[in-house]
Amino acid sequence: MIELLEMTSDRVIGVKIDGKIEKADIQAIEQAFVAQFAQFDKVAIYVEVANLGGITLDALIEDLKFGLSNLKRFEKKAVVSEHHWMDKLAPLGDKLFPSLAVKHFTVAEKDAASAWVSEPREETVPS
């Protein structure tokens with residue numbers, strides 16, 4: 001199940017994952033992003049992972065289809081969890097998708113995660 005969270009920045013979509021993710025969960029997030037895309041060129045996502053209960057195949061396909069087709073519109077992703085294996089996934093995401101900055105935070109760092117994801121990403125200029 002995914003719950004939309006209230007965020008301090010309009011350009012950040014906040015979600016909390018608690019249990020199994022269904023296609024309807026992904027579609028609700030997509031609607032939130034479509035609304036933000038109408039206002040902003042780039043948006044960010046804040047994800048709290050309370051309990052990771054898996055994802056259905058149709059939800060995964062929907063997520064990949066939407067995410068990959070809009071990849072350049074996502075600027076940052078903050079993941080808040082106590083799953084320390086996610087520490088290794090964040091740098092991998094940075095390498096696979098250089099247009100998207102990804103950082104993992106612990107639950108104790110929730111405020112820092114919210115502040116980081118709310119700040120516009122500094123663009124690096126190739127030399």
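Analyst: Start with confidence, since this is a predicted model. Helix H4, residues 110-118, has the highest confidence in the protein, at 95. Helix H3, residues 86-96, has the lowest, at a mean of 70. Across the protein, pLDDT averages 88. A score of at least 70 is reached by 91% of the residues.

Now the fold around H4. The protein has four helices and five strands. Read from the N terminus, their order is β-β-α-β-α-β-α-β-α. The radius of gyration is 14 Å, close to the 14 Å from the globule rule for 127 residues, so the protein is as compact as a globular protein of that length. Along the principal axes, the C-alpha atoms fill a box of roughly 45 × 35 × 30 Å.

Next, H4 itself. Which residues of H4 are buried? They are Ala113, Ser114, Trp116, Val117 and Ser118. What covers them? The cover includes four strands: E2 (12-21), E3 (43-55), E4 and E5 (101-105).

Ala112 also sits in helix H4. Is Ala112 buried or partly exposed? Its relative accessible area is 40%, so Ala112 is partly exposed, because that class runs between 20% and 50%. Ala112 and Ala78 are 34 residues apart in sequence. In space, their C-alpha atoms are 9.6 Å apart.

Ala78 also gives a reference point for Glu22. The C-alpha atoms of Glu22 and Ala78 are separated by 21 Å, and the two residues are 56 apart along the chain. Glu22 lies in the loop between E2 and H1. With a relative accessibility of 37%, Glu22 counts as partly exposed. Beyond residues up to four places away in sequence, Glu22 touches Thr56 and Ala59.

Ala59 turns up again with Ile26. Ile26 belongs to helix H1, residues 23-37. Its relative accessibility is 5%, under the 20% cut-off, so Ile26 counts as buried. Leaving out neighbours within four places in sequence, Ile26 is in contact with Ile2, Ile21, Ala59, Glu62 and Asp63. Ala90 is 64 residues from Ile26 in sequence. The C-alpha distance for that pair is 21 Å.

Then there is the loop between strand E4 (74-80) and H3, where Glu82 is found. Glu82 is partly exposed, with a relative accessible area of 43%. Which residues does Glu82 contact, leaving aside neighbours within four places in sequence? They are Thr106, Val107 and Ala108. Glu82 and Ile29 are 53 residues apart in sequence, and their C-alpha atoms are 23 Å apart in space.

Finally, the whole-protein numbers behind this picture. Of the 127 residues, 41% count as buried. Among contacts with a separation of 6 or more, 74% join residues 24 or more positions apart. The protein exposes about 7700 Å². Carbon and sulfur atoms supply 58% of that area. For charge, there are 15 positive and 21 negative side chains. The centres of the two sets lie 6 Å apart.

Back to your helix. H4 is where confidence is highest. Its buried residues include Trp116 and Val117, while Ala112 is partly exposed. Strands E2, E3, E4 and E5 are among what covers the buried residues.

Definitions and conventions: Residues numbered from 1 in each chain as written. Predicted model: local features only at pLDDT ≥ 70, side-chain atom pairs only at ≥ 80, totals over all residues. Heavy atoms only, no water. pLDDT = per-residue confidence, 0-100. Helix = DSSP H or I, 4+ residues; strand = E, 2+ residues; numbered from the N terminus. Rg over C-alpha atoms; globule rule 2.2 N^0.38 Å. Buried < 20%, exposed > 50% of the residue type's maximum accessible area, 1.4 Å probe, protein only. Contact = heavy atoms within 4.5 Å. Areas by Shrake-Rupley, 256 points an atom, 1.4 Å probe, with all protein chains shown as cover. Lys, Arg positive; Asp, Glu negative; His and termini not counted. Charge placed at Lys NZ, Arg CZ, Asp CG, Glu CD.
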